[in-house]
Amino acid sequence: MAGPTVTTPDGPFTLARGCDGCTLCCKVLEAAPIGKPANTWCTHCIRGAGCGIHETREPVCREYHCGWLIDGSLSEEWRPETAHLILTYRDEGRSMSVHADEDHPDAWLQEPYYSQIKRWAALSLGVGGRVVAYVGNQGFVILPDRHVALGVLGDDDYIFIERLPNGEWDARKMGQDEAAALQASSAGL
Ligand code: SF4
Ligand code: SF4
């Protein structure tokens, strides 16, 4: 059975399913406009039920729909509270963030998750996107055959992914200055 129809900037969109008692994003994800830090239960959350202020919740919450709600082809093991993972599509679906519950920091490395996430990474890289896993403020770029740990990712950090001459992918973190210099040199080509 399909989920509720929601309003998006592109018009009405019918979700594949509803949250049905899952509340994991109300813990794992940051909701800066309402002052909720990542990996902290929101004070409005009724665990196992939903949002205690559902009718008046702010746009940051109203407009968020995880991958589990959007993609009806995901099997039951991807239910966020089962996987301990939250998928978020980005860049119009070309990229994906995988946020692990900090109480299960290795969840994304378990099977069947890790292999599937690497397959999604291969598809994303092919269309100019990326898949990045997050455990708290630690970032991990997922590549088709492995992952690259970036350490703590700050607001001023950029993720640089490149294809090496041997055809393999590599990734690293770069600061604002290095990213600006790279952009300038690319523009000058
Ligand atoms: S993680 Fe997804 S399914 Fe769970 S509460 Fe958030 S939006 Fe709903
Ligand atoms: S306000 Fe509601 S939807 Fe938003 S984080 Fe808190 S419990 Fe979740």
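Two residues are in contact if their C-beta atoms, placed from the backbone, lie within 7 Å. This is a predicted model: local features need pLDDT of at least 70, side-chain atom pairs count only at pLDDT 80 or more, and totals for chains, interfaces and linings use all residues. Residues are numbered from 1 along each chain as its sequence is written, while chains are lettered from A and ligands numbered from 1 in the order in which they are written.

**Exercise 1. Contacts of Leu-85**

List the residues in contact with Leu-85, leaving aside its neighbours within four places in sequence.

Solution. 
- Step 1. Apply the contact cut-off. The partners are Pro-80, Val-98, His-99, Ala-100, Ala-107, Trp-108 and Tyr-113.
- Step 2. A nonpolar core is a set of buried Ala, Val, Leu, Ile, Met, Phe, Trp, Tyr and Cys residues joined through C-beta atoms within 7 Å. Buried means that 20 or more other C-beta atoms lie within 10 Å of the residue's own; exposed means 12 or fewer, and partly exposed is in between, with C-beta atoms placed from the backbone.
- Step 3. The largest such core has 33 residues, and Leu-85, Val-98 and Ala-133 touch the most other members.
- Step 4. Find the suppliers. Strand 7 (131-135) is among the elements that each give at least two residues to this core, as are helix 5 (113-126) and strand 8 (138-142). Strand 7 gives the most, five residues. Helices (H or I, at least four residues) and strands (E, at least two) are DSSP runs, numbered from the N terminus.

**Exercise 2. A strand pair**

In which sense do strand 5 and strand 6 pair, and over how many bridges?

Solution. 
- Step 1. Two strands pair if DSSP finds at least two bridges between them.
- Step 2. Strand 5 (residues 85-90) and strand 6 (residues 95-100) have six bridges, in the antiparallel sense.
- Step 3. Inspect the turn. The two strands form a hairpin with four residues between them, and Asp-91 in the turn has a positive phi of about 50°.

**Exercise 3. Ligand shells**

Solution. 
- Step 1. A residue is near a molecule if its C-beta atom, placed from the backbone, lies within 6 Å of it.
- Step 2. Around ligand 1 the residues include Cys-19, Cys-22, Cys-25, His-65 and Cys-66. This shell has nine nonpolar, two polar and no charged residues.
- Step 3. Around ligand 2 they include Cys-26, Lys-36, Cys-42, His-44 and Arg-57.

**Exercise 4. Glu-168**

Is Glu-168 buried or exposed?

Solution. 
- Step 1. Glu-168 lies in the loop between strand 10 (158-163) and strand 11 (169-174).
- Step 2. Glu-168 counts as exposed because it has 12 C-beta neighbours inside 10 Å.

How values were computed. Nonpolar A, V, L, I, M, F, W, Y, C, P; charged D, E, K, R; others polar.
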